[in-house]
Amino acid sequence: MVKGWLALALGLLAVVVGAVWTLQGLGHLTGSVMTDERIWAVVGPLVALIGLALIWYGLRTRKRG
């Protein structure tokens, strides 16, 4: 049961962090050394996708338990 909640929490965190990194990489969020660095426009969506997978796994684990 804890495993499902942990996956959900980490997944949500990864989605938020990935979105912020993407916006910084694209230059929409300023004030960081990551602003306008294209690598973060690539890494951000990857982290967000991993977060979505964790959310899916967490929801699936909770339904079985």
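This is a predicted model: local features need pLDDT of at least 70, side-chain atom pairs count only at pLDDT 80 or more; totals for chains, interfaces and linings use all residues.
Residues are numbered from 1 along each chain as its sequence is written, and side-chain values use heavy atoms, with hydrogens and water left out.

Threonine 22 belongs to helix H1; helices (H or I, at least four residues) and strands (E, at least two) are DSSP runs, numbered from the N terminus. Its relative accessible area is 17%, so threonine 22 is buried. Here buried means under 20% relative accessible area, exposed over 50%, and partly exposed in between (1.4 Å probe, protein chains only). Setting aside neighbours within four places in sequence, threonine 22 is in contact with Trp40, Ala41, Gly44 and Pro45, where contact means heavy atoms within 4.5 Å.

## Helix H2 and threonine 61

Helix H2 covers residues 38-64, and threonine 61 is part of it. How far apart are the end C-alpha atoms of H2? They are 40 Å apart, which agrees with the 39 Å that the 27 residues should span at 1.5 Å a residue; the expected span is 1.5 Å times one less than the number of residues.

The buried residues of H2 are Ala41, Gly44, Ala48, Gly51, Gly58 and Thr61, and they pack against helix H1 (2-25). Threonine 61 counts as buried because its relative accessibility is 16%. Its side chain reaches the backbone oxygen of tyrosine 57 at 2.8 Å.

## The loop between the helices

Threonine 35 is found in the loop between H1 and H2. With a relative accessible area of 16%, threonine 35 is buried. A polar atom of its side chain lies 3.1 Å from the backbone oxygen of serine 32. Beyond neighbours within four places in sequence, threonine 35 touches Gln24, Gly27, Leu29 and Thr30.

Aspartate 36 lies in this loop between H1 and H2 too. Is aspartate 36 buried or exposed? Aspartate 36 is exposed, at a relative accessible area of 52%. Its phi is near 65 degrees, a positive value in a residue other than glycine. Most residues other than glycine have a negative phi.

## The chain as a whole

The chain has two helices and zero strands. Its radius of gyration is 14 Å, well over the 11 Å that the globule rule gives for 65 residues, so the chain is more spread out than a compact globule. That radius is taken over C-alpha atoms, and the rule is 2.2 Å times the number of residues to the power 0.38. Along its principal axes the C-alpha trace spans about 45 × 15 × 10 Å.

Of the 65 residues in the chain, 26% are buried. Among contacts between residues at least 6 apart in sequence, 53% join residues at least 24 apart.

Notes. A polar contact is a pair of N or O atoms within 3.5 Å; within protein, one must be able to donate a hydrogen and the other to accept it, and residues adjacent in sequence count only if both atoms are side-chain atoms.
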